[in-house]
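Welcome! Take a look at the model below, and then we will walk through its sheet and its metal site together.

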Amino acid sequence: MTTPLNERRIANAIRVLAMDAVQKANSGHPGAPMGMADIADVVWREFLNHNPSNPQWANRDRFVLSNGHGSMLQYALLHLTGYDLSIEDIKQFRQLHSKTPGHPELGYAPGIETTTGPLGQGVANAVGFALAEKTLAAQFNKEDIQVVDHFTYCFLGDGCLMEGISHEACSLAGTLGLGKLVVYYDDNGISIDGEVEGWFSDDTEERFKAYGWQVLRADGHDADAIRAATAAARAESSKPTLIICKTIIGLGSPNKQGKEDCHGAPLGNDEITLTREALGWKEEPFVIPADVYTAWDAKAKGSASEAAWNDIFATYAAKYPTEAAELKRRVNGDLPAEFLAQADAYIAEVNAKGETIATRKASQNAIQAFAPLLPEILGGSA
Ligand SMILES: Cc1ncc(C[n+]2csc(CCOP(=O)(O)OP(=O)(O)O)c2C)c(N)n1
Ligand SMILES: [Mg+2]
């Protein structure tokens, strides 16, 4: 008898891939992927606007796994939705030079937007992505045509919220009103050494409200609740949103769920057998049934989304050719044609003066000189 295809079974594909890959590597973190699988299912299958066939599509939504130790969550998602990340790559989890290193690293697997793993770093970069979107939208969108219009979704855990960098970056996100930033907090009450209450007792809801965020709560294993919270997050355009999701780390493992045992170690073959039974998952390791693959496949939807955007961009380029060329340049990461000559001229001018100035002043001068040459520069200093 095959198990009916329901939401939980679709999400369970993440759970089994994570526990099996970690077991095969004999190292890694199964707990976070198994705990966040239901959230990932809703976000990736219903909301994330992306094209697995073109991970570089300019107007894609950005996804950042700030709790990067849960990397198998992201690798499973990339594999299942149709990126160029095969089941063989999943089997190579944590092996030298594989596409699936222990923590997501930019440039190894398609669809990894930024390197994460140092806790808090990912959410800080997600704030940067959201700020980039808002800045580009302000500079390029027109009354009649929106060419820059995407969300940044970020997952994070207790550890990210403990790190100082998350405090600074999230404070700025609130101040700047980054309304297209949606962050899911894996509120599982557990980190590497056990229950967090002994070393992490912040009132996270009040903390983020104080930064000017919208804060919502959802049961992280209830797809409807996650769906409703995500819709409310997207509807709030003037503030970033934190969705505090109560979850159970390692959900599905009868003896290890809810405990730190599954945070950063393989479940073990006996426990994996019990977990398969508990989940009703019959397949061998690294075998995903065809109907589950079909439910995850985002290639057709993604190509259609990109094609629709390409039409919008073509209309934009016909009407606003200068802006379109400039946006293309920035997206491609090219320097303006005159940049090198202008920069050299500025440096020669400074050298000719031969002044001795404080580095802080030199930094200010450099930013002032380069900002008009490179309109994409964002900077600040005390
Ligand atoms: C800056 C930093 N410090 C320490 C670590 C090591 N580390 C990896 S995961 C982890 C615990 C994270 O706890 P939590 O975010 O609650 O993850 P969960 O156990 O819920 O998966 C630690 C301390 C790290 N990756 N980065
Ligand atoms: Mg935790």
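## The sheet and the metal site

Leu-156 has Tyr-185 in E3 as its bridge partner. This is a predicted model, where local features need pLDDT of at least 70, side-chain atom pairs count only at pLDDT 80 or more, and totals for chains, interfaces and linings use all residues. Residues are numbered from 1 along each chain as its sequence is written, chains are lettered from A and ligands numbered from 1 in the order in which they are written, and side-chain values use heavy atoms, with hydrogens and water left out.

Strand E2 (residues 152-157) pairs with E3 in the parallel sense over six bridges. Strands (E, at least two residues) and helices (H or I, at least four) are DSSP runs numbered from the N terminus, and two strands pair if DSSP finds at least two bridges between them. The open sheet has five strands in the order E1-E2-E3-E7-E6, with parallel pairing. Strand E1 (62-65) and strand E6 (214-219) stand at the edges with a single partner strand each, so one side of each has no neighbour in the sheet.

Now for the magnesium ion (ligand 2): its protein donors lie 2.0 to 2.2 Å from it. Donors are N, O and S atoms within 2.8 Å of the metal (3.2 Å for Na, K and Ca); water is not among the atoms, so sites may look incomplete.

| Donor residue | Donor atom |
|---|---|
| Asp-158 | OD |
| Asn-188 | OD1 |
| Ile-190 | O |

Asp-158 sits in helix H6 (residues 158-162) and Asn-188 in the loop between strand E3 (181-187) and strand E4 (190-191), 30 residues apart. Asp-158 is buried (under 20% relative accessible area; exposed is over 50%, partly exposed in between, with a 1.4 Å probe and protein chains only), at 4%. Asn-188 also counts as buried, at 14% relative accessibility.
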